[in-house]
Amino acid sequence: MQNTLFVEEYRQVLRSRSPGMRGLARHVALDALARLDRWPGRGEVLDRPRVQFLYVHHVFKDEEAKMDRLMAHLARQHTFIPYGEGVDRVLRNEIDKPYICISSDDGFKNNLALAAILERHGAKGCFFINPSIIGEDSSAVIEAHCREKLHFPPVEFLDWKDVERLQKAGHEIGSHTMAHTNVAAMTTAEFTEDCGRMRQVLMQRCGEAKHFAFPYGRFFHFNEAARKVVFDGGFISCATAERGCHINGLRPLEPRELVIRRDHVIADWKLAHIVHFLVQAARRASFQGNFHQWGR
Ligand SMILES: [Zn+2]
């Protein structure tokens with residue numbers, strides 16, 4: 001397979017899209033909001049005890065230095081803990097300081113670079129993969145998967161040896177459906193079958209399958225029946241792409257009650273913008289935010 005097929009730098013991804021006015025307006029608005037975060041006292045909200053789950057998709061070559069800088073910045077006010085420990089602390093109501101759990105979705109090959117950066121900072125990640133694309137060697141299949149499922153130019157994916165290497169280095173492997181399907185577009189029977197197959201593959205390849213993240217991940221991409229399928233299928237946590245973080249409440253939670261919120265991060269973004277999202281999440285955190293909230 002020719003390597004030239006694959007995108008290797010984030011600027012190639014950006015070039016493949018037109019930024020448009022919406023992107024520019026968003027950037028300017030975020031700049032203004034991020035300036036407010038520098039007001040005395042605002043940054044201190046990050047000292048609030050909480051579990052902040054962050055997720056990325058990629059760390060391309062031209063993002064590595066930025067990801068490294070982001071980790072160094074986050075380490076000033078946070079302790080990095082493995083994903084499973086973060087889930088556990090939220091469930092047990094044992095959040096005694098600011099914690100960060102890093103995860104990555106979709107299984108791009110450059111997740112290996114992310115893992116190396118995490119390791120340099122003493123952190124472990126959770127990698128949510130789609131078993132059907134792992135180790136795929138048909139460029140036509142990869143190209144179609146990226147275009148149709150991820151709205152992305154073609155990228156190289158992890159193979160099973162890479163997955164094994166990640167696991168051996170202490171990272172967790174999570175599930176993201178067999179082939180990155182929008183769960184809201186599946187019947188409950190279809191999703192039950194997908195969930196069963198996925199768990200079987202992960203158990204065979206990795207020896208465990210604990211964590212699940214919904215593809216696309218907004219509240220409208222799944223419903224309560226789908227959440228039930230995930231837990232009935234043997235997974236112990238399910239994550240979304242809804243922004244927010246988790247704080248202690250009045251009581252511990254049952255695993256099935258918890259809907260994990262994760263803030264999306266692109267290493268290429270301005271550091272001040274990423275920090276702004278974290279400040280927002282920390283300010284808005286509530287016990288109620290642990291649950292599935294329809295229509296909000
Ligand atoms: Zn995804």
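## A walk through the chain

Of the contacts in the protein chain with a separation of 6 or more, 76% are between residues 24 or more positions apart. Two residues are in contact if their C-beta atoms, placed from the backbone, lie within 7 Å. This is a predicted model: local features need pLDDT of at least 70, side-chain atom pairs count only at pLDDT 80 or more, and totals for chains, interfaces and linings use all residues. Residues are numbered from 1 along each chain as its sequence is written.

Start with the whole chain. It has 10 helices and 8 strands. These are DSSP runs, numbered from the N terminus: helices are H or I with at least four residues, strands are E with at least two. The radius of gyration of the protein chain, taken over C-alpha atoms, is 19 Å. The globule rule (2.2 Å times the number of residues to the power 0.38) gives close to that value, 19 Å for 296 residues, so the chain is as compact as a globular protein of that length. Along the principal axes, the C-alpha atoms fill a box of roughly 55 × 45 × 35 Å. Buried residues make up 39% of the 296 residues. A residue is buried if 20 or more other C-beta atoms lie within 10 Å of its own, exposed if 12 or fewer, and partly exposed in between; the C-beta atoms are placed from the backbone.

Now find strand β3, residues 98-105. How many of its residues are buried? The count is 8 of the 8, so β3 is largely enclosed by the rest of the structure. In a regular strand the side chains alternate between the two faces of the sheet. Both faces of β3 are covered. Pro-98, Ile-100, Ile-102 and Ser-104 are buried on one side. Tyr-99, Cys-101, Ser-103 and Asp-105 are buried on the other.

Which strands pair with β3? Two strands pair if DSSP finds at least two bridges between them. Strand β1 (residues 50-56) pairs with β3 in the parallel sense over 7 bridges. There, Arg-50 stands opposite Pro-98. Strand β2 (residues 79-80) runs parallel to β3 and is joined to it by 2 bridges. Phe-80 stands opposite Ile-100. Strand β4 (residues 125-129) also runs parallel to β3, with 4 bridges. Here Ser-103 stands opposite Cys-126.

Next, follow the chain from β3 through helix α5 (residues 111-120) to β4; this β-α-β crossover is right-handed. That means that, with the strands pointing away from the viewer, the path from the first strand over the helix to the second runs clockwise. β2, helix α4 (residues 83-92) and β3 make a right-handed β-α-β unit too.

An α-helix has 3.6 residues a turn, so residues three or four places apart point the same way. Just after α5, Gly-122 takes a positive phi of about 70 degrees.

Finally, visit Ala-65 in helix α3 (residues 64-75). Is Ala-65 buried or exposed? Ala-65 is exposed, because 12 other C-beta atoms lie within 10 Å. Its C-alpha atom is separated by 9.1 Å from that of Ile-117, 52 residues apart along the chain.
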